[in-house]
Amino acid sequence: MIASAFAVLGLTACEKTLDVMDDEMSSDFGQVKNSLLQVRTRAGESADEATVAYPVTVYVFAGFECRAAQTIGSEGQTLNIPLTEGTYSVYAIGGASVSGYVLPDVSEASVSVPIALREGHEHGDLMTAKANVVLADGEASTVTLGMERRTMLLQSVVMKKIPMAATSVSVSVAPLWQSLTVGCDYTGSGDSYLLNLEKQSDGRTWQSTEAVYLLPPSSSPASITVRITTPSGTRSYTYSTSNELEAGYKINIEGTYTEAVGVTLSGTITGAEWKGERTIRFDFDERGLSSGSTDEGNGDEGGSDDGDLPAVGTLYQGCYVLANNDTSATLLSPNEASIGKSHTAYTYDAEGLSETINNLIASTAIDGINGWRLPTLAELNAIYSASETANALFEADGGTALTNARRYFYNDAEGDLLYRVLSPPDTSGDADFPSATYVRPVTIITKQ
């Protein structure tokens with residue numbers, strides 16, 4: 001949280017004071033302004049606390065009438081605002097400079113007037129605070145407000161494996177609030193923000209070049225839309241999100257496009273040193289349809305978000321579909337890893353061998369799909385039979401090709417760890433593996 005303090009007189013010599021009194025006998029509707037509202041902002045004292053977003057514009061209202069509007073430009077400055085006795089509402093807007101925003105003066109200000117962006121400018125790290133204060137006759141009063149961050153930070157957007165033919169890639173978020181009011185409320189619903197991504201040197205990765213601050217969605221659900229333009233036209237993929245996009249969070253979105261089968265777009269909403277952390281994942285198919293989930297898994301086995309299971313001989317979220325039936329499908333990971341030690345290194349360490357195998361399975365698994373394990377002998381034979389088709393898809397999609405005559409681990413019917421060279425079906429297997437024996441895991445997903 002970001003703190004903004006309004007403190008008593010008697011400040012240190014290094015602090016600056018902004019006196020806005022006309023003179024000691026200035027009056028307000030015939031009353032002498034002999035009461036004083038003192039305002040000071042100060043950053044957090046510990047190194048890990050965020051600083052207040054300056055400038056901070058302070059509006060003071062008596063009922064519906066604005067009595068003062070003053071600005072604190074930096075930490076250490078203090079406002080002394082003369083007022084008559086009475087009850088006042090104090091509103092503070094942080095991070096809105098006159099160069100980027102239209103700030104009303106005393107004669108124009110009301111609690112419903114927007115702090116509007118100037119043309120050609122984007123939102124900054126906006127913060128607000130408000131409180132009521134009662135001033136007695138002849139009193140100097142101090143009020144302390146806690147500043148609240150009112151924007152979210154779209155920190156990073158990366159789209160991977162985009163077709164080489166793409167000429168532009170963009171991401172838009174809608175609907176968003178347009179602005180804040182002097183009274184610290186959101187106003188102007190239905191805005192949107194379009195972020196154009198830039199192609200990177202590999203030709204298939206597109207990403208944002210800088211972070212941007214956005215006001216949060218004005219209604220729920222909000223939509224994140226990815227548009228990919230090629231010479232044949234533009235396709236858009238949209239994900240609806242209810243509560244994941246909120247002020248005070250840093251947002252990172254990473255998408256991966258998969259031709260023919262679909263697009264996997266995973267996004268992480270991160271509140272590092274802000275509010276918290278969330279993960280959202282959503283899948284797109286080639287028809288422009290989308291589905292998604294915000295949870296981290298679906299039990300011991302994986303789960304398909306689609307109404308129909310993926311077809312054999314295709315890719316699903318980068319995995320090769322090895323087999324399927326009416327209720328489930330077997331997936332083969334696009335990744336593999338090897339043990340660099342021979343069996344003799346684990347002769348007296350079965351627990352260490354099991355841990356090593358499990359670590360390799362975890363390192364080759366695909367995020368968002370659970371239940372990864374070593375294949376059975378029958379599945380290893382099916383992998384060999386499909387290797388040519390699978391390799392063509394893996395290579396086009398950035399996966400690792402299978403290698404015939406390479407040794408791969410599997411579990412036999414009793415669950416014992418064996419290996420066999422990837423070659424035409426052979427019932428023999430060996431437990432005494434040499435070094436460089438590979439793990440290529442499989443899993444089964446079920447229709448949800």
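This tour moves through a predicted model in a series of selections and states what is found at each.

Residues are numbered from 1 along each chain as its sequence is written, and side-chain values use heavy atoms, with hydrogens and water left out. Because the model is predicted, local features need pLDDT of at least 70 and side-chain atom pairs count only at pLDDT 80 or more, while totals for chains, interfaces and linings use all residues.

**Stop 1: the largest nonpolar core**

Select Leu-154, Val-157, Met-159, Ile-162, Val-169, Leu-197 and Ile-228, the residues with the most contacts inside the largest nonpolar core, which has 25 residues. A nonpolar core is a set of buried Ala, Val, Leu, Ile, Met, Phe, Trp, Tyr and Cys residues joined through side-chain atoms within 4.5 Å. Buried means under 20% relative accessible area, exposed over 50%, and partly exposed in between (1.4 Å probe, protein chains only). At least two residues of this core come from each of strand 15 (152-160), strand 16, strand 19 (191-196), strand 22 (212-214), strand 23 (222-230) and strand 25 (250-258). Strands (E, at least two residues) and helices (H or I, at least four) are DSSP runs, numbered from the N terminus.

Centre the view on Leu-197. Not counting residues up to four places away in sequence, Leu-197 touches Val-157, Met-159, Val-169, Ser-170, Val-171, Trp-206, Gln-207 and Ser-208; contact means heavy atoms within 4.5 Å. Apart from this core lies another, of 22 residues, including Leu-309, Ile-369, Leu-374 and Phe-433.

**Stop 2: two cis peptide bonds**

Most residues other than glycine have a negative phi, and most peptide bonds are trans. Select Tyr-54 and Pro-55: the peptide bond between them is cis, with omega near -5°. Pro-55 belongs to the loop between strand 5 (35-40) and strand 6 (56-62). Next, select Ala-174 and Pro-175, where the peptide bond is also cis, with omega near -10°. Pro-175 is located in strand 16 (residues 168-176).

**Stop 3**

Is Asn-132 buried or exposed? This residue of strand 12 (residues 127-135) counts as exposed, because its relative accessibility is 59%. Beyond residues up to four places away in sequence, Asn-132 touches Tyr-88 and Ser-89. The side chains of Asn-132 and Ser-89 make a polar contact at 3.0 Å. A polar contact is a pair of N or O atoms within 3.5 Å; within protein, one must be able to donate a hydrogen and the other to accept it, and residues adjacent in sequence count only if both atoms are side-chain atoms. A C-alpha to C-alpha distance of 8.4 Å separates Asn-132 from Val-143, 11 residues away in sequence.

Move to Ser-141 in strand 13 (residues 140-142). Ser-141 has 9% relative accessibility and therefore counts as buried. Leaving aside neighbours within four places in sequence, Ser-141 is in contact with Leu-36, Leu-37, Gln-38, Val-133, Val-134 and Leu-135.

**Stop 4: salt bridges**

Side chains of opposite charge can pair when their charged atoms come close. Six salt bridges are found in the whole structure, each defined as a side-chain nitrogen of Lys or Arg within 4 Å of a carboxyl oxygen of Asp or Glu.

Select Asp-125 and Arg-149, whose side chains meet in a salt bridge (2.7 Å, N to O). This pair, 24 residues apart, links the loop between strand 11 (114-117) and strand 12, which holds Asp-125, to strand 14 (residues 145-149), which holds Arg-149. Both Asp-125 and Arg-149 are buried.

Then select Arg-406 and Glu-336, with closest N and O atoms 2.6 Å apart in their salt bridge. The two are 70 residues apart, Arg-406 in the loop between helix 2 and strand 34 and Glu-336 in the loop between strand 32 (328-332) and strand 33. Arg-406 is partly exposed at 24% relative accessibility, whereas Glu-336 is buried at 15%.

A further salt bridge joins Glu-379 and Arg-373, with closest N and O atoms 2.9 Å apart.

**Stop 5: helix 1**

Finish at helix 1, whose buried residues are Gly-352, Leu-353, Ile-357, Leu-360, Ile-361 and Thr-364. Their cover includes strand 33 (337-339), strand 34 (407-411), strand 35 (417-421) and strand 36 (437-439).
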